Amino acid sequence: FEHLAPQQRFAFTDFIAELSEELHERRKMLSICTASPSRAENRDHALPFLDTSVLAHYCAHIRPMNYAQFSPSSPILGPTSTASWARERMEYMMRQVPRHKIIMGLPTYSVDWDITDPTKSQQIYDYEWIAEREKESEIGRAWIPHWEVGLVRFTDAEGHIHLLYVSDARSTQSHLETVDALDLKGVCFWGMRGEDPAIWECCRR
């Protein structure tokens, strides 16, 4: 469940409590994906429908989704996920959920911004497509230190300028350092089978 109204907060919590009881009676584990909370968002907006601290009591694991920091619908362009942005959210979540229950959700997809025509910006799930754009780029794949993500700048066949922020093994490594530093339970990924195999090699190391 995503983007439920805040008024559904108690009903959703009751639902998870009942589901947890049913699953435990069948010797099953309950794990849920949630938005990745921040102090500022909870301060500036109404309380979310997710009562994370209470849900943690009923769930074996909470999986905060640390992606869509910037997406094609965003008014500001940027990468799918940055290490500093995700770490701040994990530190905030640890105030509500025991660290041994937090599995950090990470992206395997990238975001391609069409600077000439922003309506054509898109999320990219195909690492081979990214590799082709990298070959076409004058700079190849650059690294942005303060965001800890890759960047490919290229011009397409129609003459449109693109900024392609890449989620790859190197950016994943930055997130894995957060998992180790905060001693979280582990990681999980959003993927569509087009991810770079090097990401999995990074995790194995």
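**A buried histidine, the cavity beside it and the sheet**

His175 counts as buried because its relative accessibility is 4%, where buried means under 20% relative accessible area, exposed over 50% and partly exposed in between (1.4 Å probe, protein chains only). The structure is a predicted model, in which local features need pLDDT of at least 70 and side-chain atom pairs count only at pLDDT 80 or more, while totals for chains, interfaces and linings use all residues. Residues are numbered from 1 along each chain as its sequence is written, and side-chain values use heavy atoms, with hydrogens and water left out.

His175 is placed in helix α6; helices (H or I, at least four residues) and strands (E, at least two) are DSSP runs numbered from the N terminus. When neighbours within four places in sequence are set aside, His175 is in contact with Ser81, Thr82, Ala83, Ala86, Met104 and Leu106, contact being heavy atoms within 4.5 Å.

His175 also belongs to the lining of the largest cavity, together with Ser81, Pro107, Ser167, Ser171 and Thr172. On a 1 Å grid over the protein atoms alone, a cavity is a set of points where a 1.4 Å probe fits but cannot get out; a pocket is an open set with protein on both sides within 12 Å along at least five of seven lines; and lining residues have an atom within 4 Å of a point. Grid points are joined across faces, edges and corners, and a volume is the space filled by probe spheres set on the points. By class, the cavity lining comprises 1 nonpolar, 5 polar and no charged residues; Ala, Val, Leu, Ile, Met, Phe, Trp, Tyr, Cys and Pro count as nonpolar, Asp, Glu, Lys and Arg as charged, and the others, Gly among them, as polar.

The largest pocket has a volume of about 920 Å³. It is lined by 34 residues, of which His3, Ala35, Ser36, Glu41 and Pro48 are the closest to its centre. At least two lining residues come from each of β1 (31-35), α2 (39-44) and α4 (83-93), and α4 gives the most, with 4 residues. The lining of the largest pocket has 20 nonpolar, 9 polar and 5 charged residues.

An open sheet of 5 strands runs in the order β5-β4-β8-β7-β6, with antiparallel pairing; two strands pair if DSSP finds at least two bridges between them. Its edge strands, β5 (122-124) and β6 (141-144), each pair on one side only. The twist averages 30° from one strand to the next, with axes as lines fitted to C-alpha atoms, for helices over the stretch in contact, and angles running from 0 to 180 degrees between N-to-C directions.

Strand β8 (residues 161-166) is joined to β7 (residues 149-155) by 6 bridges. Within this antiparallel pair, Gly150 has Val166 as its bridge partner and Thr155 stands opposite Ile161. The hairpin of β7 and β8 has 5 residues between the strands, and Gly159 takes a positive phi near 85° in it. Strand β8 is also joined to β4, by 4 antiparallel bridges, and Val111 has Tyr165 of β8 as its bridge partner. Because 5 of the 6 residues of β8 are buried, this strand is largely enclosed by the rest of the structure. Helix α5 (residues 127-136) lies across β4 (110-114), β5, β6, β7 and β8, running at about 65° to β7.
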